[in-house]
Amino acid sequence: MTIRLGDTAPDFTAETTEGTIEFHQWLGDGWGVLFSHPKDYTPVCTTELGRVASLKGEFDKRNVKVIAVSVDPLESHKGWIKDINETQSCTMNYPIIADPERNVATIYGMIHPNALDNLTVRSVFVIGPDKKVKLQLTYPASTGRNFDEILRVIDSLQLTANYQVATPADWKHGDDCVVVPAIKTEDIPAKFPKGFTEVKPYLRMTPQPDL
Ligand code: BEZ
């Protein structure tokens with residue numbers, strides 16, 4: 001199944017290391033990140049799961065729930081968590097979905113047979129409070145993801161959702177933002193009291209509005 005930005009994230013029921021969940025109900029009213037792993041007891045995945053556990057406070061601050069999925073069964077996940085905690089100096093603090101039947105992997109299109117036979121690739125889905133897919137990323141098994149980048153994108157998505165700004169190339173928290181083209185220049189002062197700079201009529205910059 002192909003999922004596109006703006007589609008409703010498919011709902012599912014699944015067993016996880018923190019009990020059975022109904023995905024949409026588990027997400028509640030906040031944001032979510034669903035990310036897949038090729039397989040348990042593999043080196044790159046071990047580092048990724050540990051990194052996300054260490055960053056959990058950053059996801060919490062942004063009202064984002066994180067959940068991992070791999071095609072191995074629950075007992076395998078439980079054993080692997082001990083290794084993750086031991087080797088990555090963390091305590092696993094979010095659920096891993098057991099997906100041995102590949103139900104979640106299939107509905108989210110996480111299996112790319114020409115890239116990785118029968119295993120999930122490294123997919124990331126960021127889901128908004130409206131349950132729509134806001135971002136998707138696909139990495140090969142050999143490249144571990146940069147979770148600071150995923151937090152950066154979430155910051156950008158949340159600014160756009162709340163303030164009608166976009167973020168320019170290489171933007172990071174604290175940098176100036178782009179006023180979205182839908183806003184007329186004459187309407188900017190009322191909406192952005194911190195001021196703005198008109199670099200070109202189509203390129204208007206304003207200080208990050210939520211600081
Ligand atoms: C890994 O997580 O290290 C990995 C998994 C599948 C293929 C290659 C690497």
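## The largest core

In this predicted model, the largest nonpolar core has 28 residues. Val33, Phe35, Leu49, Phe59, Met92 and Tyr94 touch the most other members. Several elements each supply at least two residues of this core: β3 (31-37), α2, β4 (64-70), α4, β6 (122-127) and α6 (147-163). Helix α6 gives the largest share, with 6 residues. A general pattern applies here: in soluble globular proteins, nonpolar side chains tend to be buried together.

There is also a second, separate core. That one has 23 residues, including Ile3, Phe23, Trp26 and Leu34.

## Leu49 and its contacts

Which residues does Leu49 touch, leaving out those up to four places away in sequence? The list is Phe35, His37, Ala68, Trp80, Ile84, Met92, Tyr94 and Ile96. Among these, Phe35, Met92 and Tyr94 are also named with Leu49 as core members that touch the most others.

## Where α2 meets α4

Leu49 also takes part in a contact between two helices. The helices are α2 (residues 43-54) and α4 (residues 74-88). Their axes come within 9 Å and cross at roughly 75°. Angles of 65 to 115 degrees count as roughly perpendicular, so α2 is roughly perpendicular to α4.

From α2, the contact uses Cys45, Thr46, Thr47, Leu49 and Gly50. From α4, it uses Trp80, Ile84, Thr87 and Gln88. Sorted by class, the contact has 4 nonpolar residues, 5 polar residues and no charged ones.

## Salt bridges

How many salt bridges does a search of the whole structure find? The count is 11. In general, side chains of opposite charge can pair when their charged atoms come close.

One of these bridges joins Asp155 and Arg62. Their closest N and O atoms are 2.7 Å apart. Asp155 lies in helix α6, while Arg62 sits in the loop between α3 (56-61) and β4, so the pair ties together parts that are 93 residues apart in sequence. Are these two residues buried or exposed? Both Asp155 and Arg62 are buried. The two also belong to a network of salt bridges that links them with Glu58 and Lys61.

## Two further pairs

Lys134 and Asp130 form a salt bridge, at 3.0 Å from N to O. Lys134 counts as partly exposed because its relative accessibility is 28%. Asp130 is partly exposed as well, with a relative accessible area of 42%.

Lys172 and Asp175 also meet in a salt bridge, at 3.5 Å from N to O. Asp175 has a relative accessible area of 26%, so Asp175 is partly exposed.

Conventions: Residues are numbered from 1 along each chain as its sequence is written. This is a predicted model: local features need pLDDT of at least 70, side-chain atom pairs count only at pLDDT 80 or more; totals for chains, interfaces and linings use all residues. Side-chain values use heavy atoms; hydrogens and water are left out. Axes are lines fitted to C-alpha atoms, for helices over the stretch in contact, and angles run from 0 to 180 degrees between N-to-C directions. Helices (H or I, at least four residues) and strands (E, at least two) are DSSP runs, numbered from the N terminus. Angles under 35 degrees count as roughly parallel, over 145 as roughly antiparallel, 65 to 115 as roughly perpendicular and the rest as oblique. Contact means heavy atoms within 4.5 Å. Ala, Val, Leu, Ile, Met, Phe, Trp, Tyr, Cys and Pro count as nonpolar, Asp, Glu, Lys and Arg as charged, and the others, Gly among them, as polar. A nonpolar core is a set of buried Ala, Val, Leu, Ile, Met, Phe, Trp, Tyr and Cys residues joined through side-chain atoms within 4.5 Å. Buried means under 20% relative accessible area, exposed over 50%, partly exposed in between (1.4 Å probe, protein chains only). A salt bridge is a side-chain nitrogen of Lys or Arg within 4 Å of a carboxyl oxygen of Asp or Glu.
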